[in-house]
Amino acid sequence: MTDPAKRKPASKEGEAGEEIIRVRLPNKKNREMFASAELMLGANHIKIRCFDGVTRTGRIKGKIKKKVWIREGDVLVVVPWSFQDEKCDIVYRYTRPQVEWLRKNRYL
């Protein structure tokens with residue numbers, strides 16, 4: 001059993017400050033936009049529902065492929081291809097606290 005003197009005191013709700021969360025927003029100049037992963041297709045391709053209403057086939061870039069695991073339902077930043085509008089590159093994946101912050105500040 002743990003000695004009560006060695007336990008950390010429970011923090012009160014009033015004492016806990018807001019955690020600072022850094023969130024990357026889509027850059028409209030680079031044609032970036034929010035999207036949601038719908039279906040994993042395999043071979044680094046994902047069916048994506050973009051926030052402009054279009055369903056595209058997304059390609060996970062090599063930079064992200066090794067570092068970040070993307071699952072169905074994740075919120076992403078994508079860049080549609082200029083020569084094929086039904087395809088896009090996945091640039092960034094948001095974590096759960098970042099998605100909560102985006103919803104709280106009405107970006108999503």
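What follows is a walk through the fold, the strand pairing, the aromatic pairs and the salt bridges of this protein. The model is a predicted one, with local features requiring pLDDT of at least 70 and side-chain atom pairs counted only at pLDDT 80 or more, while totals for chains, interfaces and linings use all residues. Numbering starts from 1 along each chain as its sequence is written, and side-chain values rest on heavy atoms, with hydrogens and water left out.

The protein has 2 helices and 5 strands, taking helices as DSSP runs of H or I with at least four residues and strands as runs of E with at least two, numbered from the N terminus. Along the sequence, these elements follow the pattern β-β-β-α-β-β-α. The 5 strands close into a barrel in the order 1-2-3-5-4, with mixed pairing; two strands pair here if DSSP finds at least two bridges between them. Neighbouring strands of this sheet are turned by 55° against each other on average, direction ignored. Those angles come from axes that are lines fitted to C-alpha atoms (for helices over the stretch in contact), and in general run from 0 to 180 degrees between N-to-C directions. As for burial, buried residues make up 27% of the 108 residues in the protein, where buried means under 20% relative accessible area, exposed over 50% and partly exposed in between, with a 1.4 Å probe and protein chains only.

Strand 2 then pairs with strand 3 in the antiparallel sense over 5 bridges, and His-45 stands opposite Arg-59 in strand 3. The hairpin of strand 2 and strand 3 has 4 residues between the strands, with Gly-53 at a positive phi near 95°.

In a regular strand the side chains alternate between the two faces of the sheet. Strand 2 (residues 45-50) has Ile-46, Ile-48 and Cys-50 on a covered face, and His-45, Lys-47 and Arg-49 on an uncovered one. Strand 3 (residues 55-60) also pairs with strand 5 (residues 87-93), in the parallel sense and over 4 bridges. Asp-89 in strand 5 is the bridge partner of Arg-59.

Those two residues turn up again among the salt bridges, of which the structure holds 6, counting a side-chain nitrogen of Lys or Arg within 4 Å of a carboxyl oxygen of Asp or Glu. Arg-59 forms one with Asp-89, the closest N and O atoms being 2.9 Å apart. Arg-59 lies in strand 3 and Asp-89 in strand 5, so the pair ties together parts that are 30 residues apart in sequence. Asp-89 is buried, with a relative accessible area of 13%, whereas Arg-59 counts as partly exposed at 33%. Salt bridges that share partners also join Asp-52, Arg-56 and Asp-85 into one network. Here Arg-56 bridges to Asp-52 at 3.3 Å between the closest N and O atoms, and Asp-85 to Arg-56 at 3.2 Å. This second pair links distant parts of the chain, with Asp-85 in the loop between strand 4 (75-80) and strand 5, and Arg-56 in strand 3, 29 residues apart. Arg-56 is buried at 2% relative accessibility, while Asp-52 is partly exposed at 44% and Asp-85 partly exposed at 40%.

Turning to the rings, the whole structure contains 5 aromatic pairs. Rings of Phe, Tyr and Trp (its six-membered ring) pair if their centres lie within 6.5 Å, and planes under 30 degrees apart count as stacked, over 60 as edge-to-face and the rest as tilted. Phe-34 and Tyr-94 have ring centres 5.9 Å apart and planes at 40°, so the pair is tilted. This pair links distant parts of the chain, 60 residues apart: Phe-34 sits in strand 1 (residues 33-42) and Tyr-94 in the loop between strand 5 and helix 2. Both Phe-34 and Tyr-94 are buried. Tyr-92 and Tyr-94 form an edge-to-face pair, at 5.1 Å centre to centre and 80° between the planes. Tyr-92 is partly exposed, at 24% relative accessible area. Ring pairs link Phe-34, Phe-51, Tyr-92 and Tyr-94 into a cluster.
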